[in-house]
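Please look at the chain displayed below and follow how its parts are arranged around one another.

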Amino acid sequence: MKKPLFHSLLALAASLSIGATSAQAAPEKLVLADQYGLPYLLLTVAKDQKFIETRARENGIEELTVEWHQVPGGPEIIAALLSGSIDIGAGGLAPLLTLWDRTHDKENVRAIAGLSAAPSLLVTNRADIQSVKDFKPTDRIAVPGVKVSGQARYLQMAAAQAFGEDQWEKLDSQTVSMSHPDATSALLAGKTEIVAHMSSAPFQYEVLARPGFHAVFSSYDVLGQGATSTVAFATEKFRQERPQVYQSFVQALDDASRFIKEQPEAAARIFKTATHSNLSETAILELIRNPDFSFDTAPAHTQVLAEFLHKVGSLKRKPETWQEYFFESTGNGR
C-alpha cells in the first residue's frame, strides 16, 4: 500500500502561520476487511452511517476514504494484515489470540475492540446426533477454518469436555473448511457428507427455522454466557503511525454500538439491506434484541479461550489478563 502523506504535511502545516492556506493535507485511506454474519453488525452500521469518515473530519483529517472488503475467513484477513494490504481486520477471538502470540516483538498485532458477543451453534440435520459423542467417523462438520477458526476451537473445547482433556483434537479430522454461506447451503441441501455446521448468526437461525434441524451445543456452553466472539485488530505500527485514523475508527465503533442500542429497528434494516439475509427484518431485529447478543466494544470472558489455547499448546505465551492482547484504548473489559 502507498503510504499516506498526511503526517508529513501535518508537520509542514504546523510550521506555517495560523493564517496560511496554501498547505493542505493529502487524502487518507483506511482499508478494512471483515467477514459474513450478524457478529459484524457494528462494522455494517459504521459503514452505512459513515461514522468513520465523520469522526475523521472531527479529528482533523480533511478527507478519509474508507475501503471495505468482505472475505470468507480469517486466514485471508490475517495474510492481508501482515502483508500490509489492509489496515484493520475483523474476525474471531481465537485467530486473534494466535496472531497476538506469533507476532510478539514483530508486528505486535492486538485487538482494537470487541465487536460482538454472540453464540455460535453447532447445528445438524441428523436427529441421532444429540451431543458431540454421536458423530460417526464418516460424518463431516463444517467450520470456517479447520483447527484455527473460533468455531473449530469451540468444537475442540466441547470435545475436551466430552471425551477428556487429552482428546481435544478428536473431531479435528472430521472438520471441513467452508464459509458460513456455503456450509449453510450444503447442510440445507443434505446431499453431501456435511451433517453439521459450527455456525453463526444469522446463518444458524436460517437453518433452525427449517424442520429436521436442531442445535447440538452453543459456544456459550464452553466459554460462558456473553463471551466476546469477534474483534477488530491491527498492528502496533498502524496504531502508532496513524493515531488519528485509529482514534476515528475506535470512536466510530462506539457510535455504531450506541446506534444499535438506540435504533435497533434501523440497525436490522441496515443489516438486511447490506447482506440480503434470508431472514426477515423482524427476525433480525429479534436477534439484535436477544439478550444472548451484545454489540458492546468492551470485551467479556475472553480469558477462558486464551487459557484453553495455552493449555493445549496453541499459544506459547500465556496472557495473564485480557489487556495483554488488546490495545490500551479498549476500555473496561473483563
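In this predicted model, helix 2, made of residues 41-49, lies across strand 1, strand 2, strand 3 (88-92) and strand 4, and the helix runs at about 90° to strand 4. Helix 3, made of residues 51-58, lies across strand 1 and strand 2 and runs at about 155° to strand 2.

| Helix | Residues | Angle to a strand |
|---|---|---|
| Helix 2 | 41-49 | about 90° to strand 4 |
| Helix 3 | 51-58 | about 155° to strand 2 |

The sheet itself is open and is formed by 5 strands in the order 2-1-3-10-4, with mixed pairing. Strand 2 (64-70) and strand 4 (110-116) stand at the edges, and because each has a single partner strand, one side of each is left without a neighbour in the sheet. On average, neighbouring strands of this sheet are turned by 25° against each other, direction ignored.

Which sense of pairing joins strand 1 to strand 2? Strand 1, which covers residues 28-34, pairs with strand 2 in the parallel sense over 7 bridges, and Glu-28 has Leu-64 in strand 2 as its bridge partner.

Thr-65 also has its place in strand 2, and this residue is partly exposed, with a relative accessible area of 39%. Leaving aside neighbours within four places in sequence, Thr-65 is in contact with Glu-28, Lys-29 and Leu-30. Although Thr-65 and Leu-30 are 35 residues apart in sequence, they are 6.2 Å apart in space, C-alpha to C-alpha.

Key
Residues are numbered from 1 along each chain as its sequence is written. This is a predicted model: local features need pLDDT of at least 70, side-chain atom pairs count only at pLDDT 80 or more; totals for chains, interfaces and linings use all residues. Side-chain values use heavy atoms; hydrogens and water are left out. Two strands pair if DSSP finds at least two bridges between them. Helices (H or I, at least four residues) and strands (E, at least two) are DSSP runs, numbered from the N terminus. Axes are lines fitted to C-alpha atoms, for helices over the stretch in contact, and angles run from 0 to 180 degrees between N-to-C directions. Contact means heavy atoms within 4.5 Å. Buried means under 20% relative accessible area, exposed over 50%, partly exposed in between (1.4 Å probe, protein chains only).
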